[in-house]
Amino acid sequence: MLRMDALRRGWAGLLVAAAMAAAGVTAAAPAAAADPGCVVAPEVGRDDRQAALGVFRDGTWYVRGSLTSGPADLCFVFGQAGDQPVFGDWDGDGLPTPGVFRASTGTWYLSNAPFAQSGADVVVQYGSPGDLAYMGDFDADGVTTVGVYRPGEQRFYLRNSNTSGIADGAFRFGQPGDQPAPDPQVNGLRVYRPSDAAFVGAYLTGPEPGTAYSWQFGNPGDVPLWGPWETGGTALGGWNAQAAPGVYRPSTGEWLLLTDRFAPPSLPTVTVLQFGNPGDVRIGFEPRCSGRGACGELGG
Ligand SMILES: [Ca+2]
Ligand SMILES: [Ca+2]
């Protein structure tokens, strides 16, 4: 659990350029052309928001609404090639929605609509070229906010609001080669260590937190994922799914997702499926109510 008094100790400031917009600025993220085969999001109904898998390809998001192999159920355009897709409840209304982090300019484009129909509702300047996106709910107030992992320093820089400014928290954690493994509700530090094929995490209790857990999952060479596929015995893709680890295995094109960590050992707990193309960026996708507040209606 993150506590503000703990966060105030030993923080290094992260200076960001002030030239760009702060929170509240409405601007469209530069968008790529839509894939002609894409069924655009406004045509799907409210019940279709149980999507669980997403891939990002050159500015187009492809979404599949079940934990099965197959094609995308819908897509939408938000961002451009090279952007890092992110996902979170940026306004705290209970509905997680898409965003992108453009490291080349240190700019975050955040949408508060389920499939980014409104474009970028918030533009935040935070981070530097080479940074990797690390969003989360670092102060556990129900609002997902921006952060980055700087691989060269093995250091996280975190904000508790979707605004430009210095870091509310800076923490050295991880080792060379680690990749950040964020999710919209994480309130700690978490990396994936490819050499060990393990998710390694820490709680935000000091300037250099120690490892709190190490969770082996996948094989060396896998790409970390974290998404809403942990069902705890409920139907796959159902509304009760919780965030859980997974990996994408480039050598086979497979997603391997921990779908029921509480199942008896005799039952399968890992779902293996194929979705997307080689080179796509995979992301856990959950455009639905998180349980904290009212659901937003799907706009057209
Ligand atoms: Ca929201
Ligand atoms: Ca928060």
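Helices (H or I, at least four residues) and strands (E, at least two) are DSSP runs, numbered from the N terminus. This is a predicted model: local features need pLDDT of at least 70, side-chain atom pairs count only at pLDDT 80 or more, and totals for chains, interfaces and linings use all residues. Residues are numbered from 1 along each chain as its sequence is written, while chains are lettered from A and ligands numbered from 1 in the order in which they are written.

**Exercise 1. Overview**

Task: State how many helices and strands the protein has, and what share of its residues is buried.

Solution. 
- Start with the elements. The protein has one helix and 20 strands.
- Next, burial. A residue is buried if 20 or more other C-beta atoms lie within 10 Å of its own, exposed if 12 or fewer, and partly exposed in between; C-beta atoms are placed from the backbone.
- Of the 300 residues, 46% are buried.

**Exercise 2. A covered strand**

Task: Describe how β4 is covered and which strand it pairs with.

Solution. 
- β4 spans residues 84-88, and five of its five residues are buried.
- Sort them by face. Gln84, Val86 and Gly88 lie on one side; Pro85 and Phe87 lie on the other.
- Its antiparallel partner is β5 (residues 97-102), over five bridges. Within β5, Thr97 is the bridge partner of Gly88.

**Exercise 3. The core**

Task: Name the residues with the most contacts inside the largest nonpolar core, then list the contacts of Phe156.

Solution. 
- A nonpolar core is a set of buried Ala, Val, Leu, Ile, Met, Phe, Trp, Tyr and Cys residues joined through C-beta atoms within 7 Å.
- The largest has 65 residues, and Val63, Trp108 and Phe156 have the most contacts inside it.
- Two residues are in contact if their C-beta atoms, placed from the backbone, lie within 7 Å.
- Leave aside neighbours within four places in sequence. Phe156 then touches Tyr134, Gly147, Tyr149, Ala170, Phe171, Phe173 and Leu189.

**Exercise 4. Loop residues**

Task: Decide whether Ala116, Gln154 and Pro268 are buried, partly exposed or exposed.

Solution. 
- Ala116 sits in the loop between β6 (107-110) and β7 (122-125). It has 26 other C-beta atoms within 10 Å, so Ala116 is buried. Its phi is positive, about 60°, although Ala116 is not a glycine.
- Gln154 is in the loop between β9 (147-150) and β10 (155-158). It has 16 C-beta neighbours inside 10 Å, so Gln154 is partly exposed. Phi of Gln154 is also positive, near 50°.
- Pro268 is in the loop between β18 (254-258) and β19 (270-274). It has 9 C-beta neighbours inside 10 Å, so Pro268 is exposed.

**Exercise 5. Confidence**

Solution.

Key
Two strands pair if DSSP finds at least two bridges between them.
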